[in-house]
Amino acid sequence: FRMSPPRKIRKTEGDQVSSTDGVIRFEVDNVSDIDIFDGGRYSPSINVGGINWSAKVLKELDNIGTEVFSFYLYNMDFKSVMGSIDVRAQFVIINRDTSKCFSAKTLVTFKHSSDAWGYRHLMQWDELVD
């Protein structure tokens with residue numbers, strides 16, 4: 001199980017714009033052992049563009065009680081960020097069964113008031129660990 005966010009990070013501060021690439025590779029051992037109540041698993045933090053990032057995976061319940069897999073990308077330094085940060089991310093799940101691999105690309109803006117973005121209820125848990 002691997003994830004590869006963030007990809008292009010563009011930090012805007014006044015008229016300055018810097019662009020940086022980075023990859024978080026996060027392999028979760030025994031993903032089937034994640035419990036709804038354990039808070040999920042965090043990736044090690046990685047510094048990209050002067051900002052620390054981390055990914056989190058967890059098992060949650062949707063609104064009808066079905067177990068689902070969720071993924072979040074965290075800006076660990078969000079309180080020190082002025083303005084906004086546009087993140088172009090690609091999220092990839094690699095499964096031994098190649099028919100169950102998943103990939104999604106997105107563009108998200110992190111602001112001073114928001115430290116996380118993600119796919120809540122990305123897929124049913126059974127689809128991930130089946």
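In this predicted model, the side chain of Asp 62 reaches the backbone nitrogen of Ile 64 at 3.0 Å. Asp 62 sits in the loop between strand E5 (51-61) and E6. Apart from neighbours within four places in sequence, Asp 62 is in contact with Val 68 and His 121.

Is Asp 62 buried or exposed, and which side chain of opposite charge is nearest? Asp 62 is buried but has no salt bridge; Arg 120, the nearest side chain of opposite charge, is 8.7 Å away.

The aromatic rings are a second topic. The count comes to six aromatic pairs. Two of them are set out here.

| Ring pair | Distance between centres | Angle between planes | Class |
|---|---|---|---|
| Tyr 42 and Tyr 74 | 5.7 Å | 50° | tilted |
| Trp 117 and Tyr 119 | 5.1 Å | 70° | edge-to-face |

Tyr 42 belongs to strand E3 (residues 41-42) and Tyr 74 to strand E6 (residues 67-75), so their pair ties together parts that are 32 residues apart in sequence. Tyr 42 is partly exposed, at 45% relative accessibility, whereas Tyr 74 is buried, with a relative accessible area of 16%.

The rings of Trp 117 and Tyr 119 have their planes at 70°, over the 60 degrees that edge-to-face requires, so this pair is edge-to-face. Both Trp 117 and Tyr 119 are buried. Ring pairs also join Trp 117 and Tyr 119 with Phe 71, Phe 91 and Phe 102 into a cluster.

Notes
Residues numbered from 1 in each chain as written. Predicted model: local features only at pLDDT ≥ 70, side-chain atom pairs only at ≥ 80, totals over all residues. Heavy atoms only, no water. Phe/Tyr/Trp six-rings, centres within 6.5 Å; stacked < 30°, edge-to-face > 60°. Helix = DSSP H or I, 4+ residues; strand = E, 2+ residues; numbered from the N terminus. Buried < 20%, exposed > 50% of the residue type's maximum accessible area, 1.4 Å probe, protein only. Lys, Arg positive; Asp, Glu negative; His and termini not counted. Salt bridge = Lys/Arg side-chain N within 4 Å of Asp/Glu carboxyl O. Polar contact = N/O pair within 3.5 Å; in protein donor to acceptor, adjacent residues only side chain to side chain. Contact = heavy atoms within 4.5 Å.
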